[in-house]
Amino acid sequence: MEQQLGLHELLHVFSFLEARDLLCAAQVDKVWNEASRTKELWRQLCLRRWSSCKASQMTLGTQTWKQYYLCRSELEFRMASGRPEDFTCRALAGHKGEIDDLAYISTNEYRFDGREKSVVCTVSSDGTVRAWDLHEGMELWSSPVQSAALVNLVTYPRLQLVVTVDERGLIKVWEAENGCEQAAFLLPMYSSALEACDIPEGPLLLAACAEGAVYTLTVPWLQLLSRVNVFPGNPASLLCSPDGQWVFASTQNSDLSPEVFYTQSLLRQSEGETPASTALPIWLTSRACWAPDEAARLTVMHRNDNGMQLVITTYELGTRQCRDRAEILVQQIASFLLPDTMMPPHLMKGHGSQVILLVSGSELVLFTIHGLQLVAFQDHQRPITAMWVDQTRVITSSFDLSLRVYMWNKENKFPVLKSCYHLLGGSHRWASGFTHVESDSMSIVGVEARNIGTSILRSYYFQVQCG
């Protein structure tokens with residue numbers, strides 16, 4: 001066979017193999033070993049297994065695609081079979097007020113070469129933004145105290161930038177390495193939403209103002225590109241699609257229909273010109289999420305026509321060029337009524353292209369977009385406060401001072417969850433429960449609210465040495 005197959009033909013055959021088969025093929029002889037280590041073979045394996053590898057800005061550390069695949073696979077296996085004692089737990093205190101939001105600034109999922117570290121940024125009612133090294137369990141820097149409480153932040157890991165907004169609408173950009181301020185922009189009223197949007201044309205910041213307008217700003221200099229009056233007099237929520245090409249804007253429990261904007265039309269707005277947008281034919285919107293594995297699949301929770309029942313409807317979005325502007329096309333692909341016995345969900349996330357995760361009280365429930373219930377969990381003793389979802393795990397936080405870790409099982413037609421273990425927080429005497437949870441490939445961090453009106457970070461670090 002070796003004499004009949006050239007390198008090109010051998011690589012074509014190998015492109016159909018999984019990782020385990022490629023490793024076996026490498027044992028045959030020198031030629032097969034060389035072919036099985038080809039960069040593109042392992043890159044394609046990574047693309048098939050982790051959609052985050054499709055990011056055009058992704059840059060690996062010093063490792064090869066093969067090393068990346070093997071290390072990340074090993075880490076996921078060990079996390080799935082892990083135990084709470086496999087994590088190093090640290091309590092990180094420093095804020096003098098309650099932590100209102102947090103986000104990772106590090107990009108650990110892209111590297112496993114011994115140089116990775118988990119860095120999280122937080123904002124607080126004490127008027128500061130701080131950066132924390134979760135592995136070392138230490139504060140890296142803190143900003144000067146602002147006169148108003150900071151209420152929201154977004155991060156740009158690729159650019160190593162943090163953007164915050166205070167309760168008066170003052171937006172600031174900070175360098176993630178040292179906390180130096182780069183730019184500022186003042187909204188006319190407080191901000192109801194911030195969204196980071198990284199597209200090929202450049203990074204953008206979308207800010208919704210309480211007056212009902214959406215501002216599009218450049219990053220890092222916060223130059224105004226456009227201002228769109230979406231819901232006059234009503235604060236808006238914003239949600240960018242995974243590829244940054246779409247923006248969903250809604251105002252909760254209102255008879256105003258939610259709007260979908262084509263991001264390109266927000267970049268350059270002429271006098272009197274309106275951006276490309278469309279109103280969805282629904283009302284009393286309460287929740288929405290994008291399907292991570294689809295470029296333009298949007299799921300919205302809303303009331304039916306008589307306002308009595310909750311409905312979950314999924315749309316596919318597209319565009320067509322009409323003269324000198326884009327026209328948005330909307331197609332409904334699925335819709336179902338939530339069971340009457342289910343309390344109205346307060347959290348909703350998407351997974352893959354077909355699965356929706358809903359949190360109702362202390363219950364976590366999985367549905368397909370067509371309404372088939374896959375599984376339900378009631379592991380928490382008190383209401384769930386936050387949910388974090390990626391391709392391998394789901395983590396929930398609760399007022400019962402625990403974080404629950406679930407792993408995806410994708411062997412069936414639809415991926416389902418397996419409950420793995422829980423991580424405990426501090427003492428009920430001092431803490432009222434977890435309010436936020438975030439994670440990366442190596443760590444989990446939750447905000448633990450204290451009974452005295454302050455918060456701390458409770459971090460759990462899982463480290464694996466890959467061979």
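Throughout these views, buried means under 20% relative accessible area, exposed means over 50%, and partly exposed is in between (1.4 Å probe, protein chains only). This is a predicted model, where local features need pLDDT of at least 70 and side-chain atom pairs count only at pLDDT 80 or more, while totals for chains, interfaces and linings use all residues. Residues are numbered from 1 along each chain as its sequence is written, and side-chain values use heavy atoms, with hydrogens and water left out.

View A. With 11% relative accessibility, Cys-240 is buried. Cys-24 is in no disulfide either: the nearest cysteine sulfur, in Cys-46, lies 18 Å away.

**View B. Helix α5, residues 65-80.** Helices (H or I, at least four residues) and strands (E, at least two) are DSSP runs, numbered from the N terminus. From first C-alpha to last, the 16 residues of α5 reach 22 Å, close to the expected 22 Å; that expected span is 1.5 Å times one less than the number of residues. Among its buried residues are Trp-65, Tyr-68, Arg-72 and Glu-76. The buried residues of α5 pack against α2 (19-25) and α4 (39-49), plus strands β27 (393-398), β28 (402-409) and β29 (416-424).

**View C. Thr-218 in strand β12.** This strand covers residues 213-218. Thr-218 is buried, at 17% relative accessible area. Setting aside neighbours within four places in sequence, Thr-218 is in contact (heavy atoms within 4.5 Å) with Pro-203, Gln-223 and Leu-225.

Key: Disulfide = S-S within 2.5 Å.
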